[in-house]
Amino acid sequence: MYHKSENMLTDINPKLPMRNKAATRDFYLNKLDFQEFGSADFEGYLMVQKDNIQIHFFEFAALDPKENYGQVYIRTDEIEKLYQLALDKELDIPKAGHLQFKPWQQKEFSLLDPDSNLLTFGQGV
């Protein structure tokens, strides 16, 4: 039986598809203020980080954004500030993705990256 005192699971880093590494890098670094993670530049792979989260991307050049169902839910303590950033930078917020209070006691909004990966931001209220 396993009785170690440390947490067995410590982090989760979602991996999402990207068609174009330069476009994905530009979006996350220049629109969402992420930083590139790691010192090596791997062909067909990108890692970005902001605060305590990382998102990884793998190259999928044949991806049809209309058929991409990649999604990530990101918890935040500054939902209004993030939402205002998305509005100021004119990011792609789906019609039903604008900031709203949800019945599950969260304030949420969503946006789409260049490959139609859906990023949903939520804060408990």
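Which residues are buried in H1? In this predicted model, the buried residues of helix H1 (21-31) are Lys21, Thr24, Phe27 and Tyr28. Viewed down the axis of H1, these buried residues fall within an arc of 135°, so they line one face of the helix. The elements that cover them include E1, E3, E4, E7 and E8. At the start of H1, a side-chain oxygen of Asn20 comes to within 3.0 Å of the backbone nitrogen of Ala22, whereas just after the helix Asp33 adopts a positive phi of about 60°.

Tyr28 also belongs to the largest nonpolar core, which holds 23 residues and in which Tyr28 and Leu111 touch the most other members. Two or more residues of this core are given by each of strands E1 (15-18), E3 (45-50), E4 (53-59), E5 (71-75), E7 (106-112) and E8 (118-124), and by helices H1 and H2 (79-88), with H2 providing the largest share, five residues. When residues up to four places away in sequence are not counted, Tyr28 touches Asp33, Phe34, Val48, Ile55, Phe57, Asp113 and Leu119.

An open sheet of four strands, with mixed pairing, runs in the order E5-E8-E7-E6; its edge strands, E5 and E6 (100-102), each pair on one side only, and the twist from one strand to the next averages 35°. The pairing of E6 with E7 is antiparallel and extends over three bridges, and Lys102 has Gln106 in E7 as its bridge partner. Helix H2 packs on the sheet, where it touches E7 and E8, and the direction of H2 makes about 25° with that of E7.

Methods. Residues numbered from 1 in each chain as written. Predicted model: local features only at pLDDT ≥ 70, side-chain atom pairs only at ≥ 80, totals over all residues. Heavy atoms only, no water. Core = buried A, V, L, I, M, F, W, Y, C linked by side-chain atoms within 4.5 Å. Buried < 20%, exposed > 50% of the residue type's maximum accessible area, 1.4 Å probe, protein only. Contact = heavy atoms within 4.5 Å. Arc of directions from axis to C-beta. Polar contact = N/O pair within 3.5 Å; in protein donor to acceptor, adjacent residues only side chain to side chain. Pairing = 2+ DSSP bridges. Axes fitted to C-alpha atoms, helices over the stretch in contact; angles between N-to-C directions.
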